[in-house]
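Please read it with the structure open.

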Amino acid sequence: MIHEANTWFAECLSDHGIFTRYLEDHHPAAMSCLEVRRLDWANVAEEARRKNMRFVSLWAAEAGSHDKKALYAYMAFAHLEHRHVLLRTDLNEKDPSLPDISGHYISSVRMERSLQDMFGIRVEGLPDTRQWLKHEHWPEDVHPMRTTFPVDTRMPPVEDALSAGDLPETGYAFIKAEGDGIYEYPVGPVHAGIIEPGHFRFHAVGEKILNMEERFGYVHKGIEKRFEGLTAVEGARLASRISGDSAVAHAWAFAQTCEYAAYLDVPERAVILRGILCERERIANHIGDIGGVCNDGGFAFMNVQMQRLREEMARMHKDLFGHRLLMDTIIPGGVTCDLNADEQQRLAQQTSAIAREVEELRTIYADHPGIQERVIGSGSVSIEDAISIGLLGYAGRASGVYADERIEEAYPPYDRLDVRAPRGELGDVATRVWVRFEEVAESSRLVLALLKDLPEGSLQTEFIAPEAGTSGFDAIEGWRGEIAAWVRFGENGIIDRYAVRDPSEINWLGLELAVREVPVPDFPLNNKSFNCSYSGNDL
Amino acid sequence: MIRLFTKIIKTGNRTEALGKADHATELLGEQLSSAIRKKFQGSLAIREVDAGSCNGCELEIIAANNCYYDLERFGVHFVPSPRFADMLLVTGPVTRNMETALKMTYEATPGPKLVVAAGDCAINCGVFGKDNYAIAGSVADIIPVDAIIHGCPPTPTDIIRGILQAIET
Ligand code: SF4
């Protein structure tokens, strides 16, 4: 199926006089990449919006050694039936500029700001031109993702750029709100809990939040640049550490993208083990977050119970797969772990035992007025807003957006499973928690089904990199939602560009929308109900 | 409510004796005299600072607080501000964008204070590498460090042992 070209969107565009060229060196054909003229860029986005496509990602890549002196911008959309399509356009390498598409897809803004920071691409008409990943102390003319910028460039010390006593936030033009009784409240980057760093700027009246603005980039650690120059096999270790809670999902997204680029088939047994790993990761994170939401809502009992279950899962992961967080279990070509008959049985037993206990705890949660009062109706994201930003994963499924790559893309092993994703509509904390409870039950069912179906056979196929210039794209349903990944190989099997979009890059916008009108003390439980990644966002 | 209490009773006490460490802790500086270290024993307030981690180390620090490890029984607890912390537990390679925040957190912590760097990234920038434009350095490159805990990530047991070792006399 993946060898069949997806021509639907090309036809839609040609109906509007927009000509496209199908790129042969991009795989898989089913998620085709079309070259368009730069002047058609925004019209393409407009047509995608008209066709009710979801905005997936926006990125850029400088041509590698195989294709001298070029700078390309890419964007990807997904249609419920017709799936993913990528668009590429050629930019003037000396003075690159790109039309803005945020008029059609608001979620593109931060990605466009990143293009300005990292590639020096001017986005014409971008409504928000503030630097995003590059904080104020970065020299303006430095564009780390350009090939002329070596990864090990030493940047000037931060102190030199800040005047004495200045906070790094001082130079950032946060949205202003003025009026009687409005106060501004900065939080972070160092937060009160044991969580990742980021900055939230609140405007509030009394105890109600008027607006919350996110400011990120604090954990930007040059991940995409770091991938350049690695082989696919070396890259797997880094991919596992893009976001530590999504070790499986990111490693899978990376591995599968490389495999698609190389048209490499993965052994059946490895495919099924990947599914098991990913569903276990989903269960562990949902359990942890349900506990976290309850804790922030003052219901410590539930947190203690949920963290206990999560610990039991981590121990089994260490035992069976060698790592508590399942890092380094997936590599391009297969997996690095296996399960013997006895281990399969233990895993099945624990999975059903945990699912049973979670159901039992769910009835206690549902009967507890204290926590119910906090979660019901708090932090709603409307269906219209969710569609407009393309909310992903459980956050989307709580707000009427049911994108699930396991169902739509149905990559193996999900092609043989009938995945049932919960469908919520109210979009509040309670619904996001409900979706997570449902997903724990569903993922447990999937793990058991996959364990029953584990065929004999090898665990890895040797990864043979494709020809220089070949690119691959895929979309994996990680526990947070769709991870979209694009890779391009250069000479000798070396990666010359890896662009990955964690679902958090989209879902963080959902949190901003959710907490308007919410009392300040309810911010933490709202935040936890989304639990977006900072590391996956900042890369 | 009755189901809640039944569950508590059925679950029982799951806390275990502290197990063996998977990864080693190394003590570095001799900044605090043993007399002061001793004073921290029994009541140590920690501020956790993620200076650029992948979040893996945070998950394991959170796990050190679960009922199996129950870090608090050793008189160690996490606090929401550096202003009343005795120790900073720092994870991740220090990114260029977190360098100032980390220094400010260190300065905001009253002396005498201890710094423990947890995880391979905090020690040597791990997979992200020191030779990286976005990274300012390891934790010790930015602030004085008293102890380092190896592991990617260190296990909850490693973390607890590391913290306790840092305050042992
Ligand atoms: S040491 Fe490992 S787990 Fe910890 S932050 Fe670094 S990569 Fe993540």
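**Notes on the predicted model**

1. A:Arg110 and A:Glu512 form a salt bridge, with their closest N and O atoms 3.0 Å apart. The two residues are 402 apart in the chain. A:Arg110 belongs to helix α3 of chain A, and A:Glu512 to helix α16, residues 504–514. Bear in mind that this is a predicted model. Over all chains, the salt-bridge count comes to 63.

2. Next, the domains of chain A. The assignment gives domain 1 as 4–163 and domain 2 as 223–537. Their C-alpha centres are 26 Å apart. In contact across the boundary are 38 residues of domain 1 and 39 residues of domain 2. About 3100 Å² is buried between these two domains of chain A, and carbon and sulfur atoms give 56% of that area.

3. Charge pairing across that domain interface deserves a look. The rule finds six salt bridges between domain 1 and domain 2 of chain A. As a separate item to inspect, A:Arg54 forms a salt bridge with A:Glu482, and the closest N and O atoms are 3.0 Å apart.

4. How many cavities of 30 Å³ or more does a search of the whole structure find? The search finds four. The largest cavity has a volume of about 370 Å³. Its lining has 29 residues; A:Leu58, A:Ser114, A:Glu224, A:Glu505 and A:Leu539 are the closest to the centre.

5. Which elements of chain A give two or more residues to the lining of the largest cavity? They are β4 (54–62), α3 (108–119), α5 (223–227), β15 (482–489), β16 (495–501) and α18 (535–538). Helix α3(A) gives the most, with six residues. By class, this lining has 18 nonpolar, four polar and seven charged residues.

6. Why does the largest cavity lie between domain 1 and domain 2 of chain A? Both domains give residues to its lining, so the cavity lies between them.

7. The second largest cavity involves chain B. Its space is about 80 Å³. It is lined by 13 residues, and those nearest its centre are B:Cys54, B:Cys57, B:Cys121, B:Cys152 and B:Pro153. In chain B, α3 (56–63) and α5 (120–124) are the elements that give two or more residues to this lining. The lining divides into seven nonpolar, four polar and two charged residues.

8. Turn to open space. The second largest pocket holds about 490 Å³. Of its 24 lining residues, A:Asn52, A:Leu80, A:Val401, A:Tyr402 and A:Ala403 are the closest to its centre. At least two lining residues come from each of β4, β5 (71–79), α12 (383–389) and α14 (405–408) of chain A. Helix α12(A) gives the most, with three residues.

9. The lining of the second largest pocket has twelve nonpolar, six polar and six charged residues. Domain 1 and domain 2 of chain A each supply at least three residues of the lining.

10. Then the interface between the chains. Here 58 residues of chain B are in contact with 67 residues of chain A. The buried area between chain B and chain A is about 5000 Å², with 57% from carbon and sulfur atoms. On the chain B side, B:Arg96, B:Asn97 and B:Tyr133 lose the most area to chain A, together 19% of what that side buries.

11. Salt bridges also link the chains. The count between chain B and chain A is nine. A:Arg315 forms a salt bridge with B:Glu16, and the closest N and O atoms are 3.0 Å apart.

12. Finally, check the backbone of chain A. The peptide bond from A:His27 to A:Pro28 is cis, with omega near -10°. A:Pro28 is in the loop between β2 (26–27) and β3 (33–35). The bond from A:Gly188 to A:Pro189 is cis, with omega near 15°. A:Pro189 is in the loop between β9 (182–187) and β10 (199–205). A:Arg83, in strand β6 (residues 83–91), has phi near 65°, a positive value in a residue other than glycine.

Key:
Residues are numbered from 1 along each chain as its sequence is written. Chains are lettered from A and ligands numbered from 1 in the order in which they are written. This is a predicted model: local features need pLDDT of at least 70, side-chain atom pairs count only at pLDDT 80 or more; totals for chains, interfaces and linings use all residues. Side-chain values use heavy atoms; hydrogens and water are left out. On a 1 Å grid over the protein atoms alone, a cavity is a set of points where a 1.4 Å probe fits but cannot get out, and a pocket is an open set with protein on both sides within 12 Å along at least five of seven lines; lining residues have an atom within 4 Å of a point. Grid points are joined across faces, edges and corners, and a volume is the space filled by probe spheres set on the points. Helices (H or I, at least four residues) and strands (E, at least two) are DSSP runs, numbered from the N terminus. Ala, Val, Leu, Ile, Met, Phe, Trp, Tyr, Cys and Pro count as nonpolar, Asp, Glu, Lys and Arg as charged, and the others, Gly among them, as polar. Domain bounds come from an automatic or database domain assignment. Contact means heavy atoms within 4.5 Å. Buried area is the accessible area (1.4 Å probe) that two parts lose on being put together, summed over both. A salt bridge is a side-chain nitrogen of Lys or Arg within 4 Å of a carboxyl oxygen of Asp or Glu.
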